[in-house]
Amino acid sequence: MKIKRPLIQRIQHGIRVTRLNMTPGVQVDPFIYMAGSAKIQINTDDCVLGGSVRISKGVIISDGVIIAPYGGSIEIGASAYIGPYSVLYGHGGLTIGRNTAIGAHTIIIPANHGFKQPDRPLHVQPLTKEGITIGEDVWIGAGCKILDGVRIGNSAVIGAGSVVTKDIDAYSIAFGVPARVAGSRSIASTWVNATSVPVATSDAS
């Protein structure tokens, strides 16, 4: 059962949301929860980078989360959950669909460092910024890393600790480093483990 926060906490939270919405580029629905230690950083690492952040109704942003668009955009759909100490960047654009749950300590980075010029320091080489799209009703386990250019389809499940470097189709179950599809949540599917032995079926037989 959800416990209603004390009145003073609700007032303080409302004031914080109002202040966030006064920040250029930030649009936060008043009916969200954002932990006191969570941060939206439009200006990052002593640089004025700009960008936009849009957070929809019912979103829960847990302790220690960092949301930093780095000049790009971050959109979080209604009723999504962002777990403790996760880091969301927005360089090339990040979209998270509604009802998606992201486990603690997950890092999502829609950018990558260039490294094709060995005679130049890495930090001065241009970034690639393809963007990341995470669909609706996706479950991303704790400690995952989602890298630039990835598209994760609706209702997919990503196992804890995975590094996602390629697209994951809707309803897929994927895990590992790098993440690989191991099964599907669709009714007709059969789960198969790494040795290709069926470990569960849709009718629980």
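Two strands pair if DSSP finds at least two bridges between them. On that basis, Gln27 stands opposite Arg54 in strand E6, and 3 bridges join strand E1 (residues 26–28) to E6 in a parallel run. The model is predicted, with a mean pLDDT of 88 for the chain and 89% of its residues at 70 or more. Over residues 194–205, however, the pLDDT is below 50, and this stretch has 12 contacts in the model beyond near neighbours in sequence.

**Overall make-up**

- The secondary structure of the chain comes to 1 helix and 26 strands.
- Of the 205 residues in the chain, 38% are buried.
- Among contacts in the chain with a separation of 6 or more, 25% are between residues 24 or more positions apart.

- Residues facing one another can be followed across the strands: Gln27 stands opposite Arg54 in E6, Arg54 stands opposite Glu75 in E9, and Glu75 stands opposite Thr95 in E12.
- Side chains alternate along strand E6 (residues 52–55).

- An open sheet of 8 strands has mixed pairing and the order E2-E7-E10-E13-E18-E21-E23-E24.
- Its edges are strand E2 (33–34) and strand E24 (180–184); each has a single partner strand, so one side of each is left without a neighbour in the sheet.
- Strand E23 (residues 172–175) and E24 run antiparallel and are joined by 4 bridges.
- Two of the bridge partners in E24 are Arg180, which is the partner of Phe175, and Gly183, which is the partner of Ile173.
- The hairpin of E23 and E24 has 4 residues between the strands, and in this hairpin Gly176 takes a positive phi near 115 degrees.

**Second largest pocket**

- The second largest pocket has a volume of about 160 Å³.
- Its lining consists of Tyr70, Tyr89, His91, Ile109, Ala111, Asn112, His113, Leu127, Leu147 and Asp148.
- By class, the lining of this pocket has 6 nonpolar, 3 polar and 1 charged residues.

- Asp45 is placed in the loop between strand E4 (43–44) and strand E5 (47–48).
- The relative accessible area of Asp45 is 60%; exposed means over 50%, so Asp45 is exposed.
- Asp45 and Tyr70 are 25 residues apart in sequence, and their C-alpha atoms are 9.8 Å apart in space.
- Tyr70 is also one of the residues that line the second largest pocket.

Methods
Residues are numbered from 1 along each chain as its sequence is written. This is a predicted model: local features need pLDDT of at least 70, side-chain atom pairs count only at pLDDT 80 or more; totals for chains, interfaces and linings use all residues. Side-chain values use heavy atoms; hydrogens and water are left out. On a 1 Å grid over the protein atoms alone, a cavity is a set of points where a 1.4 Å probe fits but cannot get out, and a pocket is an open set with protein on both sides within 12 Å along at least five of seven lines; lining residues have an atom within 4 Å of a point. Grid points are joined across faces, edges and corners, and a volume is the space filled by probe spheres set on the points. Ala, Val, Leu, Ile, Met, Phe, Trp, Tyr, Cys and Pro count as nonpolar, Asp, Glu, Lys and Arg as charged, and the others, Gly among them, as polar. pLDDT is the predictor's confidence in each residue, from 0 to 100. Contact means heavy atoms within 4.5 Å. Buried means under 20% relative accessible area, exposed over 50%, partly exposed in between (1.4 Å probe, protein chains only).
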